[in-house]
Amino acid sequence: MDLSTIYSGINSRELIISVFGLGRIGLPTALMFTRAKYHVIGVDIDEALLIDLRNKNTFIDEPGLVDLLEDAIENNLIEFTSDFSHAITHSNIMIICVPTPVSENKVPDYRAIKDVTQKIGNQLFQGQIVICESSISPTTIRDLIIPILEENSRLQLNVNFGVCSCPERADPGKIIANFDKVTRIVGGSSQEIGEAIVTLYKSITNADIIQLSTPGTANAVKLTENIFRDVNIALINELAVLYEKLGIDVKEVIRGASTKYNFQPHYPGPGVGGPCLPANPYYIIQDADKMDYIPFLIRVAREVNDRMPAYTLDLITDALNYVGKSIKDTKITVLGLSYKANVRDIQISPSIKVAKMLKEKNAIITIWDPYYMGESLEELQIAETSQEVFKETDCIVLLTDHKEFKDIHFEEILNNRDNENPLVFVDSRNVYDPENLPKGIVYCGVGRKIKET
Ligand SMILES: NC(=O)c1ccc[n+]([C@@H]2O[C@H](COP(=O)([O-])OP(=O)(O)OC[C@H]3O[C@@H](n4cnc5c(N)ncnc54)[C@H](O)[C@@H]3O)[C@@H](O)[C@H]2O)c1
């Protein structure tokens with residue numbers, strides 16, 4: 001395939017880039033190309049989102065994103081459209097950033113990928129390259145995307161068009177900040193096409209870029225990273241549950257084990273959330289299924305992590321029982337709904353699961369999350385301010401370790417209570433050490449048995 005137009009278009013910035021799916025990954029990707037002075041056509045099926053973007057508004061909480069959006073619009077470097085045909089017929093490079101969730105029965109849902117690929121295939125022309133940044137399994141490019149593109153276009157891979165996998169490895173909340181730091185991985189349908197896309201990404205980022213031999217290998221890299229984390233978190237979650245029963249403090253164990261040169265600490269908690277970790281293992285599980293292979297460890301790790309919200313509920317129940325109370329009708333302050341610290345993001349959040357279970361069990365809950373002040377999420381109402389949330393509380397449950405929760409004024413909370421009962425504190429992220437808390441608290445954590453301070 002002749003790649004001279006691609007290379008000259010990179011040098012002259014005349015290359016036109018389309019980005020399909022303008023969400024948490026697609027919008028930052030589009031704007032990193034406009035930052036490098038490329039013209040970008042941003043495509044999405046959500047008309048309301050497109051109107052917001054044209055008005056320089058975005059729901060994505062990503063420092064620096066709005067500035068890039070304003071710059072791109074003011075310099076006429078970006079257009080937002082739902083007209084796929086316009087985008088496909090006017091661009092050289094098409095980047096797919098649509099969602100790839102897993103369904104309730106844990107099967108990857110590639111409908112958005114199929115939809116975009118079919119539309120691209122219908123109008124694909126000589127010399128174009130399709131890049132997939134969405135998270136997909138190692139076989140999806142080979143068995144789904146390429147066949148759809150070839151059948152719909154009647155063009156031939158690597159002769160008339162190219163395909164590349166550049167799975168997104170960004171850390172939400174730091175995507176812009178880390179854009180020039182996080183190493184990119186690229187796998188092209190041919191060595192030459194991969195090299196051209198490495199050159200393209202080098203023109204927009206100072207980060208290292210590694211070229212892998214195939215698109216599937218690039219996807220396997222992305223999934224391996226996340227499955228590695230999921231399995232290791234499951235391991236420490238499992239050990240934490242066991243150590244709690246054995247009366248051993250998991251935080252102390254991790255501190256000790258971390259002194260060994262080849263130990264990588266992972267931390268237990270109320271479950272694993274976010275857009276990637278709870279979903280990515282199922283892409284591999286589906287590929288394994290096609291090969292009649294059962295990836296036991298990956299499957300069990302998912303199950304262990306999925307059980308952690310229920311385990312956290314058990315911890316809360318046990319700690320309340322210890323002071324002669326039950327969840328029903330008890331005033332419980334819930335701290336944090338985001339799936340991880342210091343971000344405004346509740347995708348597949350275990351904190352939401354625990355909060356909902358407490359509500360179902362008729363606790364009187366007050367929720368505080370500084371990233372969602374006064375908002376209502378999945379029928380959970382978050383307080384407007386932190387002022388009243390600890391008033392007369394019987395139990396504090398820390399679910400997300402936002403930095404704002406690292407210095408809770410327990411003495412003040414205890415002094416402002418009329419209640420004679422000890423205050424129960426369930427620290428599901430093991431942020432605190434009971435030794436450092438004031439007297440009058442019944443403390444427990446994940447993998448840490450109940451202690452009276
Ligand atoms: N969010 C993350 O932190 C993260 C990190 C790494 C990888 N990823 C992966 O990136 C991909 C995109 O995720 P996201 O978080 O940006 O999703 P998102 O839900 O934030 O955004 C997806 C966008 O795609 C649009 N869309 C849906 N179907 C479409 C279609 N058929 N055609 C065009 N647009 C369509 C939606 O309207 C939405 O605006 C997923 O595969 C995800 O797994 C996400």
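## Around the ligand

The ligand has 24 residues around it, and those that come nearest are Arg 24, Asp 44, Thr 100, Asp 115 and Pro 172; a residue belongs here if one of its heavy atoms lies within 4 Å of the ligand. This is a predicted model, in which local features need pLDDT of at least 70 and side-chain atom pairs count only at pLDDT 80 or more, while totals for chains, interfaces and linings use all residues. Residues are numbered from 1 along each chain as its sequence is written, and side-chain values use heavy atoms, with hydrogens and water left out.

By class, this shell holds 13 nonpolar, five polar and six charged residues. Here Ala, Val, Leu, Ile, Met, Phe, Trp, Tyr, Cys and Pro count as nonpolar, Asp, Glu, Lys and Arg as charged, and the others, Gly among them, as polar. Helix H6 (residues 111–123) gives the largest share of the shell, three residues; helices are DSSP runs (H or I) of at least four residues and strands (E) of at least two, numbered from the N terminus.

## Contacts with the ligand

Let's look at some atom pairs. An N or O atom in the side chain of Thr 100 is 2.6 Å from an oxygen atom of the ligand, and one in the side chain of Asp 115 is 2.7 Å from a ligand nitrogen atom. A backbone N or O atom of Val 98 lies 3.5 Å from an oxygen atom of the ligand. Taken alone, the ligand exposes 830 Å², of which the protein buries 89% (areas by the Shrake-Rupley method with a 1.4 Å probe).

## A buried serine

Ser 428 sits in the loop between strand E14 (423–427) and strand E15 (441–445). Is Ser 428 buried or exposed? Its relative accessibility is 0%, so Ser 428 counts as buried (under 20% relative accessible area, 1.4 Å probe, protein chains only). A polar atom of the Ser 428 side chain lies 2.7 Å from the backbone oxygen of Leu 398.

## Enclosed spaces

The whole structure has two cavities of 30 Å³ or more. On a 1 Å grid over the protein atoms alone, a cavity is a set of points where a 1.4 Å probe fits but cannot get out, and lining residues have an atom within 4 Å of a point. A volume is the space filled by probe spheres set on the points.

The largest cavity holds about 90 Å³ of space, and its lining includes Pro 167, Phe 179 and Ile 185. The second largest cavity has about 30 Å³, and H12 supplies the largest share of its lining, three residues.

Conventions. Polar contact = N/O pair within 3.5 Å; in protein donor to acceptor, adjacent residues only side chain to side chain. Buried < 20%, exposed > 50% of the residue type's maximum accessible area, 1.4 Å probe, protein only. 1 Å grid on protein atoms, 1.4 Å probe; cavity = no way out; pocket = protein on both sides within 12 Å on 5 of 7 lines; lining within 4 Å.
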